[in-house]
Amino acid sequence: MKDKGFTLVELIITIVIMAVILVVAFPSIGRLQQNNKYKKYVSYGESMVSSGKLYVDQYHEDIWGSTTATGTKTITMETLKDSVLLKDYVDKKDSCANGSIRVTRTGTPNNFTYTYEYSLSCVSKGETVSCKGDERTSTCTKNGRQVYNSAS
């Protein structure tokens, strides 16, 4: 009669294979989590751009002083929050409390073109991450080193 089950050698080989897979996969999981955190910051920056567009649409005469003026203006996060167009960034361990939207208006009164760029500073585990971008691309830097680029 043959016993059913695994031998000790088979169990040890299985445990060794699982350990190798874990050692290889663990750093990838950490990078994936960190990359997702940067994506959240970029997503919040894009929300700031959307809020900035609404703010400009509502207050464009107040921002530029006339219906014909062109130029560049800055809208702070606080202004957007006070206008109830942007909510606070909410995360258990992170905070994004410093940021702004730079709006550039060019063209003629009948055909204005607007461009929007955001700048955002977030704190994660005591380290500051700065993200900047426009409607197409975004980058984040930490300690002067680029850690995220949405174009790549």
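Visitor: At 14% relative accessibility, does lysine 37 count as buried or exposed?

Guide: Buried means under 20% relative accessible area, exposed over 50%, and partly exposed in between (1.4 Å probe, protein chains only). Lysine 37, at 14%, therefore counts as buried. This is a predicted model, in which local features need pLDDT of at least 70, side-chain atom pairs count only at pLDDT 80 or more, and totals for chains, interfaces and linings use all residues. Residues are numbered from 1 along each chain as its sequence is written, and side-chain values use heavy atoms, with hydrogens and water left out.

Visitor: Which residue meets lysine 37 in a salt bridge?

Guide: Side chains of opposite charge can pair when their charged atoms come close. A salt bridge here is a side-chain nitrogen of Lys or Arg within 4 Å of a carboxyl oxygen of Asp or Glu. Lysine 37 meets aspartate 94, at 3.5 Å from N to O. Lysine 37 lies in helix α1 (residues 8-64) and aspartate 94 in strand β2 (residues 94-108), so the pair ties together parts 57 residues apart in sequence. Helices (H or I, at least four residues) and strands (E, at least two) are DSSP runs, numbered from the N terminus. Aspartate 94 is also buried, at 5%.

Visitor: What does the salt bridge of arginine 102 and glutamate 117 tie together?

Guide: Their side chains meet at 3.3 Å, N to O. Arginine 102 is in strand β2 and glutamate 117 in strand β3 (residues 111-124), so the pair links parts 15 residues apart in sequence. Arginine 102 is partly exposed at 41%, and glutamate 117 is partly exposed at 34%.

Visitor: Which residues do salt bridges with shared partners join into one network?

Guide: Glu78, Lys81 and Asp88.
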